[in-house]
Amino acid sequence: MARQKRVTKLPLAGSACGTDLTGRAGRTVRHVERRQRVIVAMSGGVDSSVAAALLVEAGYDVVGVAMRLWESNAQETSSGCCSLDDFLDARLVAEQLNIPFYVMDFRDQFRRAVVDDFVAEYRRGRTPNPCVRCNQFVKFATFWERARALGADLIATGHYARLRPGADGAQLLRGVDVEKDQSYFLFAVDRTMLHRIRFPVGELHKGEVRREAARRGLAVADKPESQEVCFAPRGTYATFVERQESGVPLRAGSVIDKSGRVVAQHQGIHRFTIGQRRGLGIGLGGPAQYVTAIDAGAGVIQVGTSEHLLSAGLVATGANWLGPPPRPGDAVTIKIRSRFPPQPAMVHRVASDQFSVVAEHGLRAATPGQAAVLYDGERVLGGAWISRCLPGATAEPRIGARSENGELVVTNSR
Amino acid sequence: MIYLDHNATTPLHPEVHRAMLPYLGEVVGNPSSAHAFGRGTRAAVEQARRAVARAIGAQASKVVFTSGGTEGNNLALLGVATAHPGAHFVVSPIEHSSVVEPAREIERRGARVTWLPVDGEGRIEPDDVTAALEPDTVLVSVGWANNEIGTVQPVRAIAAACHARGVLLHVDAVQAFGKVPVDMCDIDLCSLSAHKIGGPLGVGALFVRRGGNLPPLYFGGGQERGARPGTENVAGLVGFGIAAAMIASASRQQDATLRERLWNRLACLDGVYRNSPAEHCLANTLNVGFDGLRGETLVAALDLEGIAVSVGSACAVGSSEASHVLRAIGRTATEAADGVRFSLGRDTTIEEIDATTEVVSAIVQQMRRVASPCAVNG
């Protein structure tokens, strides 16, 4: 079946689409009188490069900024972030697009909000998600402040996500490319910021983005992408955590099974995450063992078999809503890792700053410290940080039963 | 566009351009060749050497051509350190990175380095230089004029102090040459650069009083009496020579009138402070800070409005290091990231200064408005 060639249409600079979102008539008039200035965060990768190109073609007044987030050191950074090569690549693309380009320093904010939290979470026996925090505190917060100082009306990135006007304000949707969708990482962006953001490549598939780059002869069209944490390559997190200064030493400890029996020794809880198989030092033979819980206080790793990784649902705190919060009983889908497909679930409890959900087929390896993001179809409702699992594997949950005071009852089928 | 970044580089003077053109076109010849073509370019290079020597009051035989100020500074420090392993060096803390980095390197290779104190205006006391000298001190390195804040050092007195103790003095005169009178009295090594005086990028010179004592960085065909082999950049050196000759014949030194006009207008804004000294300062250089406003953001905002200035030093692409110069004169780490440098040129006009102050004022006010809590998501 021939696919219709999709031409990306962005709201024209100064058009009503962008300005209607503000809902303020005076601002609408001002915006259509001149081109809107958009600052694009350019990493030197193909996504942000194409994003910038599309904005230029749509008639915006585009300025490219490479964000210096971390001290670039050949040994420490993964390819794809903050190396001198990346800044040069971004600079080259900006030159090709004939737009102004600056490198700006965000290292202080990044260290405080992202790196320090990364280290602290591992030490607490949780698994951090630095990309979410970077979006929350740096890319859509501090970066926006700097953009405003440069007279910007908008900021843009190469994220695979979409924004769409709605009755209750701008809505965040997952990107068209389900494989590459990055909406999960954007759940903690301040809702009042949404109307200031553009995601030009959210309407495209990754393959199309590369073709668009090649079509325009952009220098980075064939550049391999990096999916890693930008300041520490995968496989080096433990060493990274060990190298950061902190009062509490990371000590070795016991690995125990469900009955509390010690089955191995570990070299530090920071080396582990829920669902992990490798590095446990448990002999072969018998069913595969996975990390099921991490007790930071006792320095203990608990392991179990695959079934032990299933939970009925979870509780998440530190919620951020990108729309009206859902209500108990609402059907949603939930993602507990970016690369896991969304799971059908029902909202159990909701407050302004936390929620709990029960998942129809249970949740596997829900990890404290990771983000739990709720979707209503394509739309991101919001999310929060996984605090704990609701225990029990639910094959046939009796969801829907209510107690006398109307509270939803979750039964544990075991 | 208004260009106020002359300390980073200067526009090529039309006369320099004219003089260089034949050497970028029809003229051919390696100055070391024995035939007529070689003799022709050799003559051009030597004429340029005489012009540079005349401009600094030195003999031509003591002028070594280089690729610029950075090479000259490296040649001086690394050369002396190689000739005197493990010796002691005294260096100004507000030097350009092309002096600071070689100084760090010679430390790694076994030399000892003492960094001089500077006062709140970046000035070095000759007595502090004397006090820092040790029995095995071989070299003192002090820049004549600072590129970031413009401070001019008491070179005469420092030179006399070094001479009295038999210690070599290296002076980085890259920013001073063409702006203040420069001569080699009591100076042993002196770095110059063409592109700061209306000449082309990529050429410079090192004055070397006693050539035999300076081990080279390069080894090769023996040009520059072995001090710096390599086929000469003929067109560049011709340009350098013309630019140097123009300094010697310049009718007037650039004065500080426009710089002070700029300062007086900027000073009307709230929370502005001057990092440059008012006295003993290059006439064209004004480094200021604006409370709470990051220098790099201000530079970008000004660029978007067509005004070119700089934060700290131009060198280091993508680097946003806080200025070591501002730290050395007592600024906090935050203040050291806030400094913005305006460096005027000979052709800068009063209209450009006034237009600049209008734009700076508007931008500063906008940036402060944006930063205030009431302005969130307005």
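**Helix packing, confidence and a salt bridge**

I began in chain B, where H3(B) passes H4(B) in a right-handed crossing (a crossing is right-handed if the near helix is turned clockwise from the far one by less than a right angle, and left-handed if anticlockwise). This is a predicted model, in which local features need pLDDT of at least 70 and side-chain atom pairs count only at pLDDT 80 or more, while totals for chains, interfaces and linings use all residues. Residues are numbered from 1 along each chain as its sequence is written, chains are lettered from A and ligands numbered from 1 in the order in which they are written, and side-chain values use heavy atoms, with hydrogens and water left out.

I noted that helix H3 (residues 69–83) and helix H4 (residues 97–108) of chain B pack at about 25 degrees with their axes 9 Å apart, which makes H3(B) roughly parallel to H4(B) (angles under 35 degrees count as roughly parallel). The axes are lines fitted to C-alpha atoms over the stretch in contact, with angles from 0 to 180 degrees between N-to-C directions, and helices (H or I, at least four residues) and strands (E, at least two) are DSSP runs numbered from the N terminus. Among the residues in contact (heavy atoms within 4.5 Å) I found B:Leu77 and B:Leu78 of H3(B) and B:Val99 and B:Ile106 of H4(B).

I then turned to helix H8 (residues 257–266) and helix H12 (residues 350–371) of chain B, whose axes come within 10 Å and cross at roughly 20 degrees; H8(B) and H12(B) are therefore roughly parallel to each other. This crossing is right-handed, and the residues that meet include B:Leu262 and B:Arg265 in H8(B) and B:Ile353 and B:Asp354 in H12(B).

H3(A) passes H7(A) in a left-handed crossing, with A:Val50 of H3(A) and A:Val209 of H7(A) among the contact residues.

I checked pLDDT, the predictor's confidence in each residue from 0 to 100: its mean over chain A is 85, and 83% of the residues reach 70 or more. Over residues 1–9 of chain A it is below 50, and beyond near neighbours in sequence that stretch has twelve contacts in the model.

Last, I looked up a salt bridge (a side-chain nitrogen of Lys or Arg within 4 Å of a carboxyl oxygen of Asp or Glu) between A:Asp105 and B:Arg294, at 3.7 Å, N to O. The pair crosses between chains, from strand E3 (residues 101–105) of chain A to the loop between strand E10 (285–290) and helix H9 (295–304) of chain B.

How values were computed: Angles under 35 degrees count as roughly parallel, over 145 as roughly antiparallel, 65 to 115 as roughly perpendicular and the rest as oblique.
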